[in-house]
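Dear colleague,

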There are 2 protein chains.
Amino acid sequence: MTDKLSPVDVSTLQERVYLKLREALYQGKFSAGDTLTIRGLAAALGTSAMPVREALQRLVAEKALVQTPSRSIRVASFTPELFWELIRIRMTIEGMATQRAALNSSPALVKNLREINSSMITAIKGGFTEDVLDGNKRFHFTIYEAAEMPQLIEIINNLWLRTGPYLGVAYRMGYSDPFLTGTRFHERVVQAIERRDGRKAAANLKVDIWATAKWFTRHRIAIFGEYEEKPIQIAL
Amino acid sequence: MTDKLSPVDVSTLQERVYLKLREALYQGKFSAGDTLTIRGLAAALGTSAMPVREALQRLVAEKALVQTPSRSIRVASFTPELFWELIRIRMTIEGMATQRAALNSSPALVKNLREINSSMITAIKGGFTEDVLDGNKRFHFTIYEAAEMPQLIEIINNLWLRTGPYLGVAYRMGYSDPFLTGTRFHERVVQAIERRDGRKAAANLKVDIWATAKWFTRHRIAIFGEYEEKPIQIAL
DNA sequence: ATCGTTGATTTGTGATCACACATTACGGCA
DNA sequence: TGCCGTAATGTGTGATCACAAATCAACGAT
């Protein structure tokens with residue numbers, strides 16, 4: 001009898017506000033350097049200041065937002081140096097997760113990854129850019145889940161949140177080429193996972209991350225806020 | 001004229017409360033599983049509830065504290081699985097930082113590290129356990145600073161905060177043997193950095209982390225809260 | 001004795017307000 | 001026109017309060 005009941009929503013208002021803002025950041029609805037005000041967001045979301053305030057501070061703690069010395073809250077913006085540092089960190093950490101995932105390889109996992117990847121390809125050809133973004137995220141995190149390291153996934157999630165606005169930029173501009181080349185690396189990752197070759201899997205995944213990042217700087221996408229000094233292009 | 005003035009403290013109350021709680025966690029003044037109440041801490045610190053509330057939520061966002069489904073806030077406690085996962089993550093990330101630090105090696109850095117390490121040894125022999133803890137942290141972070149990756153340091157800092165209570169346990173018990181063996185690995189790390197051998201440096205640092213963690217489980221230190229189910233001892 | 005119930009107390013959440021500081025706009029003076 | 005005080009507005013911080021949910025204690029029934 002009781003098993004027919006689905007759990008009711010017991011989340012707090014603060015939590016829902018947090019998720020909403022997080023989602024908006026992921027989708028690049030805010031651009032780097034934007035100032036977010038408590039009262040402004042509270043009015044927009046139809047709540048009081050309190051929940052917004054706590055959600056914002058949580059995002060600041062997660063480094064998705066930054067607080068200026070004058071205590072106003074802005075969307076984090078990168079210098080090229082910080083951007084490439086983050087990419088290097090992602091390559092190391094997500095490479096680690098991939099390596100462990102390969103050890104836990106199973107036919108079901110491989111099949112699942114292949115399906116996601118091919119659905120990505122059709123989404124790219126069809127021009128459904130939002131599906132492409134979603135598929136890319138699903139592909140990566142399906143691997144990371146397979147590593148069975150919950151704390152590591154939390155960390156990776158946080159890193160993605162920081163780079164989130166970037167992919168959103170590509171989405172807005174209608175670009176999808178970096179993802180198309182990405183699917184080729186994805187296939188190589190899957191093949192390595194299939195053979196339980198952790199090193200190869202990690203190596204190809206790192207190339208995927210690197211190639212995508214490289215594409216952004218090659219196209220000089222406006223991801224570096226003008227708030228920072230010296231937005232110089234650097235080679236890896 | 002104005003250069004004679006030193007800057008005044010412009011930090012917020014919330015920030016000072018946060019730092020105080022963080023420090024307490026580092027020193028292991030709270031034990032795993034303890035419940036922290038807003039009003040209780042506010043009374044103890046002589047502030048209102050507001051700053052405490054925000055400091056606690058920041059620590060929750062950083063995973064130093066956890067929030068139960070009933071929304072009470074506790075000091076995070078580990079299962080052995082989560083503990084070893086964290087150690088593995090630390091080995092990878094801090095290994096990465098060490099590798100890059102070796103590339104930025106300089107005679108000054110090597111000299112500095114040797115001094116810290118030898119001061120650690122005398123602190124151990126003298127029984128100044130607090131200095132030992134401090135020296136160990138200084139040794140590691142001097143290396144990580146040399147990597148010149150600010151975001152990476154933030155991440156490492158957070159990982160140390162999560163494992164913080166543990167070293168505090170050793171401090172309370174008056175143990176210092178894990179640190180004595182640690183200084184031997186430290187010396188090997190320094191030698192590798194001196195030769196700019198990133199791989200060797202990272203490898204020895206990983207062993208240092210692993211050996212310290214191993215010591216804790218070998219001595220069955222009570223680091224795993226009874227709040228969790230199945231606190232089983234596992235081998236790496 | 002064990003379990004469920006009831007009541008008292010504690011606790012987190014969210015709203016509202018006062019205040020100090022930051023930011024902006026305006027206006028006068030060089 | 002350019003610069004600098006000054007007023008006006010906006011904004012984060014911290015305090016306080018109301019409320020619902022959780023926790024704990026005492027009590028009674030089985």
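**Contact between the chains**

In this predicted model, the contact draws 16 residues from chain B and 16 residues from chain A. On the side of chain B that touches chain A, the elements that give two or more residues are H3, H4 and helix H7 (150-173) of chain B, and H4(B) gives the most, with seven residues. Sorted by class, the residues of that side of chain B comprise eight nonpolar, three polar and five charged.

**Packing of H4 and H6 in chain B**

Helix H4 (residues 80-103) of chain B also packs with helix H6 (residues 129-146) of chain B, at an angle of about 65 degrees and with the axes 7 Å apart; the crossing in which H4(B) passes H6(B) is left-handed. From H4(B), Ala97(B), Thr98(B) and Ala101(B) meet Ile143(B), Tyr144(B) and Ala146(B) in H6(B), and the contact of these two helices has five nonpolar residues, one polar residue and no charged ones.

**Surface near DNA strand D**

Around DNA strand D there are 18 residues, of which Ile38(A), Thr12(B), Leu13(B), Gln14(B) and Ser48(B) come nearest. Two or more residues of this surface are given by each of helix H2 (38-45) of chain A, helix H1 (13-26) of chain B and helix H3 (49-61) of chain B. By class, the surface near DNA strand D divides into six nonpolar, nine polar and three charged residues.

With best regards

Technical notes. Residues numbered from 1 in each chain as written. Chains lettered and ligands numbered in written order. Predicted model: local features only at pLDDT ≥ 70, side-chain atom pairs only at ≥ 80, totals over all residues. Axes fitted to C-alpha atoms, helices over the stretch in contact; angles between N-to-C directions. Helix = DSSP H or I, 4+ residues; strand = E, 2+ residues; numbered from the N terminus. Left-handed = near helix turned anticlockwise from the far one by under 90°. Contact = placed C-beta atoms within 7 Å. Nonpolar A, V, L, I, M, F, W, Y, C, P; charged D, E, K, R; others polar. Near = placed C-beta within 6 Å.
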